[in-house]
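Biologist: I would like to learn how to read the contacts in a model such as this one. Could we look at it together and take the features in turn?

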Amino acid sequence: MQRMLTFIKELFSPPPSAPPMTPAELKDAFRKRYRNFRALLTANNNALQAMAELEKIYYSGESYRMAVIRSKTTTILVNVYKMISSLLEMSGGRYKDLEVIFEKISHEIEKIIEKKPSFSQGPFILPLAEVGEKDRAQVGEKMANLGEIVRVPGCVVPQGFVITASATRHFLTADHIAEINRRLQLLDPDDLDGLLRTCAEIRKDILDIPMPPDLEELLHVHYARLEMVSRPGCWLAVRSSALGEDAAGVSFAGLYRTILNVDGDGLVAAYKEIIASKYGARAIAYRRKRGYRHEDIEMCVGCLVMVDALTSGVTYSRDPSEEESEVVRINALSGIAKGVVDGTRTTDLYLVSRETPHAVVYREIRQGQGKASDQCADSSLTYGQIRKLAEMALRLEGHFGKPQDMEWSFDHQGALTILQSRPMLISQPQNAQEEAAPSSRAENGEQPILFGGICASTGIACGTVFRVNAASEMPDVPMGAVLVLEHPLPEWAPLLSRAAAVIAESGSEAGHLATVSREFAIPALFSLAGAMDLLADGETITVNASARSVYLGCRQDLLTQRAVRKDIMAGSPVQRILTEALQYITPLNLNDPNAPQFKSSWCETLHDITRFCHEKSVYEMFNFGREYKFDQGAAKRLVGEVPLEWWVVDLADGFRAGADAQGQTIRIEDIVSVPMLAIWQGISAFPWEGPPRVSVRGFGSIIFQSTMRPELDPAVASALTTRNYFLVSKNFCNLSVRLGYHYAMIEAYISDLLTESYVTFRFKGGAADMKRKAVRARLLAEILQTFEFRVELRSDSLLARVKKRPTEFLERRLKILGYLILHARQLDMVMNMPNAVERYKEKFLTDIEKMLS
Amino acid sequence: MEPFNVLIVDDEQEFREMTIKRLNKRGLRCFGAENGMEALEQVEKREIDVVLLDVKMPGMDGIMTLREIKRIQPEIEVVMLTGHASVESGIEGMRLGAFDYLMKPIELEPLIEKLLEANEKKVLRRQSMDSIRNDNSGAL
């Protein structure tokens, strides 16, 4: 009940008793309010569009950067602020509490977006033997794991120490980082050349930063200790161990540098190189793609005594491309492991049963078969070594509780050293059909142009060939290209963010580029001999990496088998930030404008504020004609062949140029207001039949109503309220009809901009009793609903709206309203007669149909 | 289009000069200022209609400059411009009466459109003041 009363009160409150305005003041007030209304609608559009864009990137599964979040959020905030300012101006400061609410929400959003990761302070250097899981925040992922696996029985790791995150912050200070970030932010994200140039500059600057003397001294002390436990002048492998890469499914494989054969003299330079590799082009492109801010990653550096390796390789405790099969996968080659992971060398492959005694179920001796070498094929591992590797991989899997990806070396004495162990990255689930045997493809009569190689990342994709030759410069790869490479070097990783698929003549599934391809869910087919010669630039091909086949043209039949790409940003810091920020931006709590909760104090998000401002701006705009009293002298009487008495007030450009501005009258030919003319066509379409015949009982009711509510008595009403007024401009019209007992108002703005256009109709009252008045209101509501008006009906008050529709549609709606306000006059009196509703409804609909045809 | 005066305030010389050249070609009258102090001098010296103001400048930054411009010449419309926006500076600018907010890199067409809008607002405000004044004096 309370709601209904408020509704009625708001709709039909009497105009405030402000002094009448001169025509110029009225025009100015209208122009001002209208300008604010338009500004508010534009800001509303901009804000909603930016919200939609922000949500779109959030749900796309594609990558996005902090810069995008920042700029979209700022766009939203600025536009919401504009909406509030415009609404305050329109309403003369009503809804002032919106400013406070906005302040609160924008403060929360800002806090989320500008939040920096927190790091704890600790020692500069830790011996690897003392490092474990607990030191993750100081030594990084890789070294924490390496320290941890010493606890696994039989597991030997190299001697060494870790230069911690605290040391890095001591070397590379907040000022340095701020300067680096500033330079990176200025870069156009698509400008690879610019990125490479800037990265080279940053690297040089980092190498030029003097090493803090205390850190340098400490470094030499620890090196001397290593010399004592291994041998004087021992060589170290200096490896990155980044912090903050711990989110699920993110490998950061091969992004940062590893420097081999470093002695005591080269230690400081090597350390700086590793720190600088955080800002390598690959690392930057990767972080952007995966949703990491640069400050989310901190570099720690492991210094490990080098193993004199006879054979090295990578072992997966489960086959990454076939998780279901119960096998351990081993890739091995002679010498150090570098050739496995950087993809330059072909490796021997062993698939070994996970069950003891770990029988070799598959063996592929590929070393010596590549075109780079002409040695004859020979197994790089003995069965004893294979079994040892399988046992160790399973033991590590048991220790960490998930499948592991382990890097190792056998030295010349046959001792096994584990260089690294980390959770395995699983390729996306495959569609069973992808694994179809080559023979079944012949059904279509189209044979692959290339077949074979190693599937390094599953999937099917189509694109145009782009062959990458020179390693010296980063080529300008078109979006969606199929990269064709000689060697899958990790250096090409930045190109993957633009590629549809990758083909290489060498390499294996264990290389860094393979790992990155799997992460980006880009199909990769490696060790495919002859690809560089056979495939021509610009040629469209379809790569089915899973079936190790390449087809000419775009094979839609294959592409439809594709699995859905995974969310590349999942779990990243940038995604977390957007998730949190969106909570204050997009949810909409204010749905129903008639609900008691539709108040500024219930606004919890920016979307709520836009909804509230929009609704109230429409209200403030629609009230223009009611709120402002105008000097009657401003109105001109409409003359000519017109029924009843109509007056017109020009607010801006509603009269034809050259029409008599000083005269007391105006002709319909002199009016150029688009909405008024449409209404007028409706009014003049059919002559009014005059008041319906009223029974004695009905007449008695009128007398009764007049006694109860003297303001409704025609004899008491002021001259102003008994006239019909048009307030017009070229695009705007407000018609108020207040004749004795009923009140009707039509308002419209018609513009080419759909979002600004609206038609509103309000109707209330009558002379009969409430029941009959309500019946008439319902009759009108039903007719309007058939013409797609949004209708709200409370007893005898009716509010009908259409908005955001094309001009022609709205003009027809105005004609209908024009027709109805004339022909529904005094109809309430007969609404108690049998079949009256049906009869009039039929008549009205027939007339309207005739009028619109 | 009636030509109007635009002041470009940006410490990046290349951007400033390029923008002035392009906007002049399109019929606007543009002037440049390298920093906040220079901008204030220009505003006092010339009849500036719209200011395009970079937020991040060494010394007196865009927000401080905006505050001063609005104090000296409240009628001038200011469009804020920034390379890497902090969320706060966007709102702060609006609060201090900036007309709007654009982000670098900005293309020429949206920039011109925004400057035209800003100038239109200034003209409209002046017109409506004039019409009320004339109307009232006519009534006397």
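Biologist: With which residue does A:Glu103 form a salt bridge, and how far apart are the closest N and O atoms?

Modeller: Bear in mind that this is a predicted model. In it, A:Glu103 is paired with B:Arg95 in a salt bridge, and the closest N and O atoms are 3.0 Å apart. The count between chain A and chain B is two salt bridges.

Biologist: How many residues of chain A and of chain B are in contact, and what is the area buried between the two chains?

Modeller: The size of an interface is often given as the accessible area lost when the parts come together. Here about 2,000 Å² is buried between chain A and chain B, with carbon and sulfur atoms giving 63% of that area, and 22 residues of chain A are in contact with 20 residues of chain B. On the side of chain A, the three residues A:Arg35, A:Thr74 and A:Tyr81 supply 25% of the area that this chain buries against chain B, more than any other three residues.

Biologist: At what angle do the axes of helix H2 and helix H3 of chain B cross?

Modeller: The axes of H2(B), residues 36–45, and H3(B), residues 62–72, come within 10 Å and cross at roughly 15°. Angles under 35 degrees count as roughly parallel, which is why H2(B) is described as roughly parallel to H3(B). The crossing of H2(B) with H3(B) is right-handed.

Biologist: Which residues make that contact?

Modeller: From H2(B) come B:Gly36, B:Ala39, B:Leu40, B:Val43 and B:Glu44, while H3(B) contributes B:Thr65, B:Glu68, B:Ile69 and B:Ile72. Sorted by class, the contact between H2(B) and H3(B) has five nonpolar, two polar and two charged residues.

Terms used: Residues numbered from 1 in each chain as written. Chains lettered and ligands numbered in written order. Predicted model: local features only at pLDDT ≥ 70, side-chain atom pairs only at ≥ 80, totals over all residues. Heavy atoms only, no water. Axes fitted to C-alpha atoms, helices over the stretch in contact; angles between N-to-C directions. Helix = DSSP H or I, 4+ residues; strand = E, 2+ residues; numbered from the N terminus. Parallel < 35°, antiparallel > 145°, perpendicular 65-115°, else oblique. Left-handed = near helix turned anticlockwise from the far one by under 90°. Contact = heavy atoms within 4.5 Å. Nonpolar A, V, L, I, M, F, W, Y, C, P; charged D, E, K, R; others polar. Buried area = accessible area lost by both parts, 1.4 Å probe. Salt bridge = Lys/Arg side-chain N within 4 Å of Asp/Glu carboxyl O.
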